[in-house]
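Here is a friendly briefing to read with the model open beside you. Take a moment to look it over, then follow the notes below.

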Amino acid sequence: WGCEVAAVKKADVFEFYRRLAEANPHPETELESGNAFQLLVAVVLSAQATDAGVNKATRALFAKVTTPEQMVALGLDALKQHIRTIGLFNTKAKNVIALSEALIAEHGSEVPADRDALERLPGVGRKTANVVMNVAFGA
């Protein structure tokens with residue numbers, strides 16, 4: 001094929017990310033949210049979906065729901081109606097309700113500013129945790 005892959009040193013990778021952080025110390029996302037909880041929900045919903053599609057689906061939802069308690073009170077069926085235009089909405093809705101319940105029970109209704117704690121929430125993987133940490137907490 002004629003392609004060669006250069007070996008990249010770990011120090012070079014760290015330097016690359018250090019420079020990115022220096023150039024953009026306050027990263028943002030195209031996802032619309034009013035607080036860390038809404039951001040978390042939006043990022044969970046964005047898996048295998050476009051930010052524009054998520055924003056369209058969450059505008060009306062986020063006008064009604066700003067806290068985990070409000071999300072649980074909204075309920076699974078009503079949440080599904082709000083996000084039905086997003087792919088995999090049934091599974092995502094279950095995860096959003098479950099993560100809302102977990103935030104209430106385990107974190108005093110606050111989104112934890114801890115990557116490991118975020119990853120333990122239903123529907124939250126490494127990428128979602130990293131986006132929330134960077135955008136909501138600047139970490």
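A nonpolar core is a set of buried Ala, Val, Leu, Ile, Met, Phe, Trp, Tyr and Cys residues joined through side-chain atoms within 4.5 Å. Buried means under 20% relative accessible area, exposed over 50% and partly exposed in between (1.4 Å probe, protein chains only). This is a predicted model, where local features need pLDDT of at least 70 and side-chain atom pairs count only at pLDDT 80 or more, while totals for chains, interfaces and linings use all residues. Residues are numbered from 1 along each chain as its sequence is written, and side-chain values use heavy atoms, with hydrogens and water left out.

**The core**
- The largest nonpolar core holds 31 residues, and L40, M71 and L118 have the most contacts inside it.
- At least two residues of this core come from each of α2, α3 (51-64), α5, α6 and α8 (126-137); helices here are DSSP runs (H or I, at least four residues), numbered from the N terminus.
- Helix α2 gives the largest share of this core, eight residues.
- Beyond its neighbours within four places in sequence, L40 is in contact (heavy atoms within 4.5 Å) with residues including L99, L103, V111 and L118.

**Helix α6**
- The 19 residues of α6 (residues 89-107) should span 27 Å at 1.5 Å a residue, and the end C-alpha atoms are 25 Å apart, which agrees; the expected span is 1.5 Å times one less than the number of residues.
- Buried residues of α6 include K92, V96 and L103.
- The buried residues of α6 pack against α2 (36-45), α4 (68-74) and α5 (76-83).
- Just after α6, G108 takes a positive phi of about 60°.

**H82**
- H82 lies in helix α5 and is buried, with a relative accessible area of 19%.
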